[in-house]
Amino acid sequence: MAGADPGARIGELLDRLGREAGPRARETADELVRSVVEFYGEGLARTVRLLRSAPAGSDPLAVLTADELVGDLLILHDLHPEDTMTRVGRALDKVRPYLGSHAGDVEVAGLDTEAAEGPVLRLRLRGSCDGCPSSTQTVRWTIEEAVGRLAPEIAHIEVEGVTEAPAQQPLLQIQPRPPAAAPGAPPPPAAAPEPPHWHTLAAPALPAHDHATRVADVEGNALLLVRLPGNLYAYRDRCPGCGADLRTAPLDGEILSCAGCAARFDVRHAGRGERSHLEPLPLLEEEGAVRVALPELLGAGP
């Protein structure tokens, strides 16, 4: 379209779509164009604001790539100064402190850029999630969120790993398959859990110091936040043994004790207890902000 008026060309295409596909298709296309224009408009506005307020002598590209929306636009048009694997590495560095309590460490096993659905990132977990299904899913959601924010061009993430379950199930097999409907029939695949909804927590909702707890309410869900040296942890505010809330549970070092039934849980190791397990929630701390996810499973149970 060199030399042509892009706005006029877009108008012509919208008119043609309206004639060929009908008024409802034209309305949808108009809305799509408006959304795209707003997206790029916000990106341009942020670019101007960021460059105007940048300290003297700062690297303009570093200033722009630090903004998530502007960085996404640079990635979309192959203008980002960091390649995909560099950004994936930065994302994994963000989650490694959290994974230390759930799965040890994570390393890149490969990147398939030729996959039909788009780039597929393969990761390998070293360590264990203590055989806890909710811990394994929490690990997956946390990794996917961190990578998705810094490398949005990744279409799919595959994670290899092990648990301490006797059958040595793959890490990301979240629940056992249901029994077959008939002898010899292959079991149907388990339904994938609904994706979580991520929320930013303000400073007043967070524990004020190490070895402190605080309960935060997010969309009617009570979350127990525990601050230990070096890390913040989030759990559902409910004892899995007796159903009591944990807001008054005493914290002795890294061990949380339920005030109702005296059950003890290891906060740093995914909430592991002798006979039951706290329900961990995905959490990311980055650049002073704390983001926590609310999976659909929060609505289950007493």
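Alanine 293 sits in strand β13, which spans residues 289-294. Helices (H or I, at least four residues) and strands (E, at least two) are DSSP runs, numbered from the N terminus. The model is predicted: local features need pLDDT of at least 70, side-chain atom pairs count only at pLDDT 80 or more, and totals for chains, interfaces and linings use all residues. Residues are numbered from 1 along each chain as its sequence is written, and side-chain values use heavy atoms, with hydrogens and water left out.

Stay with alanine 293 for a moment. Is it buried or exposed? Alanine 293 counts as buried because its relative accessibility is 0%. Buried means under 20% relative accessible area, exposed means over 50%, and partly exposed lies in between (1.4 Å probe, protein chains only). Which residues does alanine 293 touch? Leaving out residues up to four places away in sequence, they are Pro196, His197, Trp198, Leu281 and Pro282. Contact here means heavy atoms within 4.5 Å. Take histidine 197. It is 96 residues from alanine 293 in sequence, yet their C-alpha atoms are 5.2 Å apart in space.

Now step back to the whole chain. It holds six helices and 13 strands. Of its 302 residues, 37% count as buried. Look at contacts between residues at least 6 apart in sequence: 50% of them join residues at least 24 apart. The accessible surface comes to about 16500 Å², and carbon and sulfur atoms hold 54% of that. These areas come from the Shrake-Rupley method with a 1.4 Å probe; for residues, only the protein chains shown count as cover.

Next, the inside. In soluble globular proteins, nonpolar side chains tend to be buried together. A nonpolar core is a set of buried Ala, Val, Leu, Ile, Met, Phe, Trp, Tyr and Cys residues joined through side-chain atoms within 4.5 Å. The largest core in this chain has 35 residues. Leu92, Leu99, Leu123, Ile143, Val147 and Leu225 touch the most other members. Helix α5 (residues 84-99) gives the largest share, six residues. Another core, of 14 residues, lies apart from it, and includes Val226, Tyr235, Ala263 and Phe265.

Zoom in on leucine 123. Setting aside neighbours within four places in sequence, its contacts include Leu92, Val106, Val108, Ile143 and Ile157. Leucine 125 belongs to strand β2 (residues 120-126). Leucine 125 counts as buried, because its relative accessibility is 8%. From leucine 125 to valine 108 is 17 residues in sequence and 8.9 Å in space, C-alpha to C-alpha.

Turn to the start of the chain. Helix α1 (residues 6-21) packs with helix α2 (residues 23-53) at an angle of about 155°, and their axes are 7 Å apart. The two helices are therefore roughly antiparallel. Axes are lines fitted to C-alpha atoms, for helices over the stretch in contact, and angles run from 0 to 180 degrees between N-to-C directions. Angles over 145 degrees count as roughly antiparallel, under 35 as roughly parallel, 65 to 115 as roughly perpendicular, and the rest as oblique.

Finish with two loop residues. Aspartate 78 lies in the loop between α4 (68-76) and α5. It is not a glycine, yet its phi is positive, about 55°. Aspartate 78 is exposed, with a relative accessible area of 71%. Alanine 262 lies in the loop between β9 (255-257) and β10 (264-266). Its phi is also positive, near 70°, in a residue other than glycine. Alanine 262 is exposed too, at 54% relative accessible area.
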